Amino acid sequence: MKGLILKDIMCLKSQLKTFTFILFGVIVTSILFVLSARFGNLAQAGREMLRTEQASDIDIKNLATVALVLFMLLPIATVGDTANVFQADGKAGFYRVAGAFPLPVKKRLFARFLTIYALFGLGTLIDLVLALVLSNLTDLIRFRDFCGIILSSASVMSIYSALVIFFCILLGYGAQTYAQIFSLLSMGLALILCNLRYFRNLIKAILTDQNGALDLGQFWQPLDFIREKFWILVLIAAAVSIASFAASLQIALRKRGVI
């Protein structure tokens, strides 16, 4: 199984190189961002927005938090493209010899999941270390809130990867793009169905806003959720991953273990 894990890592070699460059850029950019938000032009722009009442103190902090978090999520997102492993296997003809491996299908599939989630764990750990440094440089966001957002984002990416693995096995080689599209559509549909009231109220508020006095508090509800109730997304990610593994295993067995 160690050999399969190494093979999958080699399939992601180009992504890991990109991950290294992006990580360096994220570290430099994030530090410059928090310093500017505390002492530089961003801090001055925030004071001007407060003076002219264009935004409240909470709105300014949330905007800065969103921008900072988007920077920090790049390392996790870089290693989240699971479809590349399946595409590389197909180009190398690995599917034709996989069935002859002495390892059972369950272990081969587990190796695939283990590789992806190990890389997610690496990206999450690096982000947490970076969050510890940044939280000491700025008062925009606490380290606890940093952790909540990072874990929530890692959970979302884990759900996406678990669905991509399932659809790649279901659809077979050559359908990696469709697997990615179906995964995103499934997640989008689930998000809308679980938050119908929020989207309905948000659309209603936008349509009925006549004087530009839209309450921005509604826009920050998702941010508050992923910052304070990250454990819900962690549990959902664990459940989806287990369900994906079980369903993928059944499909792989039906296809005579071709993975």
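Residues are numbered from 1 along each chain as its sequence is written. In this predicted model, local features need pLDDT of at least 70 and side-chain atom pairs count only at pLDDT 80 or more, whereas totals for chains, interfaces and linings use all residues, and side-chain values use heavy atoms, with hydrogens and water left out.

The protein chain contains twelve helices and zero strands (DSSP runs of H or I with at least four residues for helices, and of E with at least two for strands, numbered from the N terminus). Of its 259 residues, 42% count as buried (buried, under 20% relative accessible area; exposed, over 50%; partly exposed in between; 1.4 Å probe, protein chains only). Among contacts (heavy atoms within 4.5 Å) between residues at least 6 apart in sequence, 78% join residues at least 24 apart.

Helix 7 (residues 105-135) and helix 8 have axes that come within 10 Å and cross at roughly 160 degrees; axes are lines fitted to C-alpha atoms, for helices over the stretch in contact, and angles run from 0 to 180 degrees between N-to-C directions. Helix 7 and helix 8 are therefore roughly antiparallel to each other (angles under 35 degrees count as roughly parallel, over 145 as roughly antiparallel, 65 to 115 as roughly perpendicular and the rest as oblique). The contact of helix 7 with helix 8 comprises 19 nonpolar, four polar and two charged residues (Ala, Val, Leu, Ile, Met, Phe, Trp, Tyr, Cys and Pro count as nonpolar, Asp, Glu, Lys and Arg as charged, and the others, Gly among them, as polar).

Helix 8 (residues 143-171) also packs with helix 11 (residues 221-228), at an angle of about 95 degrees and with the axes 6 Å apart. Helix 8 and helix 11 are therefore roughly perpendicular to each other. In this contact, Asp 145, Gly 148, Ile 149 and Ser 152 of helix 8 meet Leu 223, Ile 226 and Arg 227 of helix 11. The residues of the contact of helix 8 with helix 11 divide into three nonpolar, two polar and two charged.

Asp 145, which takes part in the contact with helix 11, also forms a salt bridge with Arg 142, the closest N and O atoms being 3.1 Å apart (a salt bridge is a side-chain nitrogen of Lys or Arg within 4 Å of a carboxyl oxygen of Asp or Glu). A search of the whole structure finds one salt bridge. Asp 145 counts as buried because its relative accessibility is 9%, whereas Arg 142, with a relative accessible area of 51%, is exposed.
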